[in-house]
Amino acid sequence: MFLKSAWYVAGWTSEFETGKLYTRRIIDEPLVMMRREDGTLVALEDRCPHRWAPLSLGRIEDDTIRCMYHGVRFGTNGRCVEVPGQASAPGALKARTYPVVERHQWAWIWMGEPEQADMSLIPDVSLLDREDVYMHRGELNYAANYNLINDNLLDLSHVAFVHEKTIGRKVEGDDEPNVVTGAGAQPLPRGVSNNNWSIGRTAMQAPDAPITDQWMWFSYLVPGIFINHFRTYPAGTAERLNFTEPSKDLECISDTFSIQAVTPLTERSTRYIYSGAHRKTDMSPEAAAAIFGMVDEAFREDTAMIEAQQRMIDTGPPGTMGWIQADRGLSLFRKVLDQLSAEERGATAARQTESA
Amino acid sequence: MFLKSAWYVAGWTSEFETGKLYTRRIIDEPLVMMRREDGTLVALEDRCPHRWAPLSLGRIEDDTIRCMYHGVRFGTNGRCVEVPGQASAPGALKARTYPVVERHQWAWIWMGEPEQADMSLIPDVSLLDREDVYMHRGELNYAANYNLINDNLLDLSHVAFVHEKTIGRKVEGDDEPNVVTGAGAQPLPRGVSNNNWSIGRTAMQAPDAPITDQWMWFSYLVPGIFINHFRTYPAGTAERLNFTEPSKDLECISDTFSIQAVTPLTERSTRYIYSGAHRKTDMSPEAAAAIFGMVDEAFREDTAMIEAQQRMIDTGPPGTMGWIQADRGLSLFRKVLDQLSAEERGATAARQTESA
Amino acid sequence: MFLKSAWYVAGWTSEFETGKLYTRRIIDEPLVMMRREDGTLVALEDRCPHRWAPLSLGRIEDDTIRCMYHGVRFGTNGRCVEVPGQASAPGALKARTYPVVERHQWAWIWMGEPEQADMSLIPDVSLLDREDVYMHRGELNYAANYNLINDNLLDLSHVAFVHEKTIGRKVEGDDEPNVVTGAGAQPLPRGVSNNNWSIGRTAMQAPDAPITDQWMWFSYLVPGIFINHFRTYPAGTAERLNFTEPSKDLECISDTFSIQAVTPLTERSTRYIYSGAHRKTDMSPEAAAAIFGMVDEAFREDTAMIEAQQRMIDTGPPGTMGWIQADRGLSLFRKVLDQLSAEERGATAARQTESA
């Protein structure tokens, strides 16, 4: 089950060159994408409405796509413009099209009814445009359901364990890791927010680096957009602020953010598109590159754990998962998705009643 | 779903040597085939009726097959002739047998009720016996349903697109390929026929070769036997004949035919057994060999396209395929198969009523 | 379908070292096993009751297992002892545990209700402790249902055919193999027994070795424990004894036994754990090693045949297997399993009624 009425990230805008066809599967629908001569990025279903050969095996001819099975040709509006050996192109032969918007480095695709596409629902990832930071981009595929990846990001208590050797934070002289949990998560209109102080040092830092107080905050937005910030302050700051939110103006040691997208491909495969950014004034390019390498490794640690979890879910005997306080964030987000899916089913039923 | 009451091609007769067991899966039934000492080719179900071990892992002993699991031995009529350690062979232990006929280079197997086997239903492929031609034989497996391969052969409009770099025909000075469509297909009692004039030159020919007029005609017969001819004539012939059928006696430049068999293995795998022939008086052996190499490459182009189409069908959201005029041939043939399957179900039901 | 209320062999006791986690799947339930500091071997379900990450990816900390996804920690009694970032460990978060007994070299696990675990039901494999023999141990996996492997062992008539080149016995000057069948099998309270005389020589022996009379007897016990003996006597012994059981005191030429366990992993995969033993007084260590090498090869012959049989069962058209007299042993054993499964379902239903 997927929410259809949402903007999904199909990739970085820079991936799509004019003159090439790109194939994608999003929420289990096959897509072919192309950039028109005028620069517009478009998406159609990736099957010729004639006999379902993939249009992505076709050929671009003057902003149209010719299916290379029987030569039937389509405009980027989905309309058939030519059937070889046939006098006129049948109007009934039409490929479905999907609204596409390029905004802040990402190509967003609306998978619901085209007339319902509402650009105001595109999450604000304008941070991706910032130029005063070292920006790192990555992508990887999970052999797992998207919900498990959302869950993972919504409860950062996993960081101290899954990533104990990479990006987890520890307090000096304390064997217990310094846990950032999802227990304090709060609902947003289309998502969940969370924030925490944690005091310590990460595996990414030199072992003799001074301890810092870290303020973390994030928004997690439908359909699976993670906007995550970390700022570190001199030790003692959290206590001085009585563990409340620091003012945005308060000078910090380092300022980091990470924007990530979880795009379901099928029920058991998911595309994870991520970025990380460090303020250029905080470190050298080499230091940033070292951190980014560590982050890439950490994300492979997540992949291994989540894919193992998925296998347990798929092969294990039936049962019910347990509950800890840290699950508050992921539970809130699952409720948001469930609520929107219920609304979507209601709206679809209403439209069908109207048209009947 | 498969039509059972039909003769399927199990292979070239030359494939089957005395003293060896051959395993086949046809319409999802496991078969073991062997040539007896007297030369007769026989087929049994490839599972020992005792505990279902494959008989094809067994041993031939004096025209019987001994299952090499527990040593039970069967005659080629399916009757058990020995159970090791047991005084007599139980009559109830019987392997199913299938009628087999060797005719015109191919081994044909009847997959329906043995008593319904009617040798007059074997399509006439006597052209395979001709000796005045260069004959090329090939086989390949498709990871696709047999219907998609029948469809492909029944609408040759695909040739100009799938095979644009190999065996497709083009008109000189015309960017549009010269399309041979299935639009003019006509029903046969157990199949479909089609014919066309096309004017041009194929990628197989030298680029400065003279344009020719090509007359193509084929029969496509149950369960999936393609008998296809091409004759080329000097440019202008088609127009002179007002695009009607040329007399068989009319001298042609080249005379080619291709006999092909589509044999379903399972719902998602199919054996494609093909031949091509060129009149020896038309060309040198080297020229024929070059064409045959191009044809092999073209058939791999079909495989890639049809397997991609199959994946779209298997993974895509539900929907209905579209229709163009070229689909007339394949639609007629699907109707023939549907009609015969309905008759088969009726006959089976009638026999069951009788015996009840 | 699996019988749960039984002791399954999880492996050799020597496989389990303190300080490591071992993952097993038995009757399609995921298990994690560990040896505590005090030497006790324990088994828990291999999924964290929190979010189902495998505990086998976790870390042992002072005889507890910490899940390395979110750091939740469990005692070997399955009780949660720590949730990082949460004041107290929730009692509801509990991992299922399984009774484990180490006896006679094997680790036995009870897969039924823990309170029903009855150690008197562990089959007696004390022969595994004998020190006056050369003992050979092996293990392999089958891509097949456990019933097919039980069947195989319960009808040794297969030995002459599957193993005709390795451990099968032949009578000199006789082309017909000397068949030991399951036809004489007798029921035991929780299993089946069988015995036979056979006269000949095995492929393992030198071709000019003297013929011997071999007395074979076995017990096959729930859930799939094979206790098999072979003794050879000078030619003529069987006839002299009128083919009755020889006294245990009667001096024999060689004395061999083999203890084997068939442990279902899933419906389509099975672990086969086996041993073979030869009296040290019967042969040199080199001779024993040569026989053991032949036995390993023979078991790969079984694997090939049974996996082929399984594929036929899984892909073939529906049908019913046949019957020969040799099937008596395997039929009796299947009845024992069916009977125990029916009792188990009855007991489960009764407990549910009581607690309702």
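Visitor: Before anything else, what counts as a helix or a strand here?
Guide: Helices (H or I, at least four residues) and strands (E, at least two) are DSSP runs, numbered from the N terminus. On that basis chain A has five helices and 19 strands.

Visitor: And what sort of model is this, with what numbering?
Guide: This is a predicted model, in which local features need pLDDT of at least 70 and side-chain atom pairs count only at pLDDT 80 or more, while totals for chains, interfaces and linings use all residues. Residues are numbered from 1 along each chain as its sequence is written, and chains are lettered from A and ligands numbered from 1 in the order in which they are written.

Visitor: How much of chain A is buried?
Guide: Of its 356 residues, 45% are buried, where buried means that 20 or more other C-beta atoms, placed from the backbone, lie within 10 Å of the residue's own. The C-alpha trace of chain A spans about 80 × 45 × 40 Å along its principal axes.

Visitor: Ok, symmetry: what rotation superposes chain A on chain B?
Guide: A rotation of 120 degrees, with 0.0 Å of shift along its axis, does so with an RMSD of 0.1 Å, which is the relation of a three-fold axis. In chain A the C-alpha nearest that axis belongs to A:Asp314, 12 Å from it. The superposition is by least squares on the C-alpha atoms of residues with pLDDT of at least 70 in both copies.

Visitor: What about chain C on chain A?
Guide: There the turn is 120 degrees and the shift along the axis 0.1 Å, with an RMSD of 0.1 Å.

Visitor: How many residues of chain A are in contact with chain B?
Guide: Contact, meaning C-beta atoms placed from the backbone within 7 Å, links 22 residues of chain A with 22 residues of chain B. The chain A side has 14 nonpolar, five polar and three charged residues, with Ala, Val, Leu, Ile, Met, Phe, Trp, Tyr, Cys and Pro taken as nonpolar, Asp, Glu, Lys and Arg as charged, and the others, Gly among them, as polar.

Visitor: Switching to helices: how do helix 1 and helix 5 of chain B cross?
Guide: The axes of helix 1 (residues 146–154) and helix 5 (residues 328–355) of chain B come within 8 Å and cross at roughly 135 degrees, the axes being lines fitted to C-alpha atoms over the stretch in contact, with angles from 0 to 180 degrees between N-to-C directions.

Visitor: Which residues of those two helices meet?
Guide: From helix 1 of chain B, B:Asn147, B:Asn150, B:Asp151 and B:Leu154 meet B:Gly329, B:Leu330, B:Phe333 and B:Arg334 of helix 5 of chain B. The residues of this contact divide into three nonpolar, three polar and two charged.

Conventions. A residue is buried if 20 or more other C-beta atoms lie within 10 Å of its own, exposed if 12 or fewer, and partly exposed in between; C-beta atoms are placed from the backbone.
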